[in-house]
Amino acid sequence: MDISLSVQINQIQRRPAMSVASIAPYFPFRRIRIVGQTVASDATGAHIQAEPDKRFQPICQQCGQKASGIHSWTQRKIRDLSFATARTWITCRYRKLFCVHCQGIHNENLELFHPYLRVTTRLARYIYQLCSFMTVSDVAQHLGIDWKTVKNIDKLYLEQDYGQPDLKGLRILAVDEISIRKGHSYLTVVLDFLTGRIVFVGKNRKAKTLKRFFNKLSISQRKKIEAVAMDMWDPFIKAVKDKLPRAKIVFDLFHVVANFSRVIDKVRKHEYRRASKEDKAVYKGAKYLLLKNRKNIRRQSHRQQLRELLALNQVINTVMILKEKLKHIWSYRSRSWAAKTLDNWCDLARSLNIGAVNTFVKMLQRYRYGIINHCDYPIHTGKLEGVNNKIKVIKRKAYGFHDLRYFTLKIYQAFFN
């Protein structure tokens, strides 16, 4: 044999066999095999035909057990992840099975699609990931899928991941409500103060709303809760006293000062009506100057107006001093000193002999136990105020939620640690 010909034969034999192009590796589902495909001429759409791989014995999608027999054949068209610019659909033939374990007829599990969704499992997971930082309508527009389908997929996975909040290790709680729409429509939000997790979201702000959360806890879990921060809302107080008799109720500084700010505004209106016509100009526009903290008043003209008003009216000057002294009560760590300071504050406030102020003093005396408890547990609902702002952003971003359960799951997801 010619040497050059022998060399050529050896080179041919050493060459690897030419690979055949296949889309099968893009469908790593063990129980199906690809039997055909069609692609639009402009590459905007692709249709894949698939059927069960008969090397595997069919298993029930309901219980995961091997089936005892075949009931019938059917097919379903489902949406899959896109290939480049082509939106992809899979038409898959599959079997309905007799299942002796479930005592019924169910679809076989091909590990390709969810029994109640018209998309593949991997597309559903991709939609779920997108919904964590995009709105449902944005995801629907991006993928060309109906928004209801997107929402149902997101809700399904949220239910799996966050449907049952972890209630272990709760010691310190913060409770507050958030308005979700006009007309006194509220949600009650419970926060694990130590971890920052939302552990409960309930409709309304009634005692039974909060009791519904406490009923989810075992007796030993309730005994481990040491303190609950909240505002002076009687239904919440009643729920805590009934279900957590050992826990200390701690009233939040922010809400108490906010209540006293409303008292200050009533005093301002009363003094405005008593003022002379020349002095009334100083009162006008002073409402929010009195409600703000002085350090937050930055404009020189506003500072000057406030100084003039305080110099003009001794009563308003006194209630502003009371406001600063009220905040100081929460700085004590000694229960006896806090109680003494609170009593002195109430005596000074009563000396004004103003109806709105006297009513506020009676309220403080009625709830003094929760104010003094702050010495033992220096906690507050400030964390929840930040949480409430974030919840409002979630609601505003989605232009509201008609499905309260879905909204609740989105809140759990946003604050999961």
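Is Lys-151 buried or exposed, and what is its relative accessible area? Lys-151 is buried, at 17% relative accessible area. The legends below describe close-up views of a predicted model, which holds 19 salt bridges.

**View A. Salt bridge between Lys-151 and Asp-403.** The two side chains meet with an N to O distance of 2.8 Å. The pair links distant parts of the chain, 252 residues apart. Lys-151 belongs to helix 4 (residues 147-162), while Asp-403 sits in the loop between helix 16 (382-397) and helix 17 (404-414). Asp-403 counts as buried, with 18% relative accessibility, and Lys-151 is buried as well, at 17%.

**View B. Salt bridge between Arg-33 and Glu-51.** The N to O distance between these side chains is 2.6 Å. Arg-33 is partly exposed, with a relative accessible area of 41%, whereas Glu-51 is buried, at 18%.

**View C. Salt bridge between Lys-238 and Asp-242 within helix 7.** The side chains meet at 3.1 Å, N to O. Both residues lie in helix 7 (residues 234-243), and their separation of 4 residues is about one turn of the helix. Lys-238 is partly exposed, with a relative accessible area of 44%. Asp-242 also counts as partly exposed, at 44% relative accessibility.

**View D. Network of Lys-151, Lys-155 and Asp-403.** Salt bridges with shared partners join these three residues into one network. The bridge between Lys-151 and Asp-403, at 2.8 Å from N to O, is the one shown in View A.

Terms used. Residues are numbered from 1 along each chain as its sequence is written. This is a predicted model: local features need pLDDT of at least 70, side-chain atom pairs count only at pLDDT 80 or more; totals for chains, interfaces and linings use all residues. Side-chain values use heavy atoms; hydrogens and water are left out. A salt bridge is a side-chain nitrogen of Lys or Arg within 4 Å of a carboxyl oxygen of Asp or Glu. Buried means under 20% relative accessible area, exposed over 50%, partly exposed in between (1.4 Å probe, protein chains only). Helices (H or I, at least four residues) and strands (E, at least two) are DSSP runs, numbered from the N terminus.
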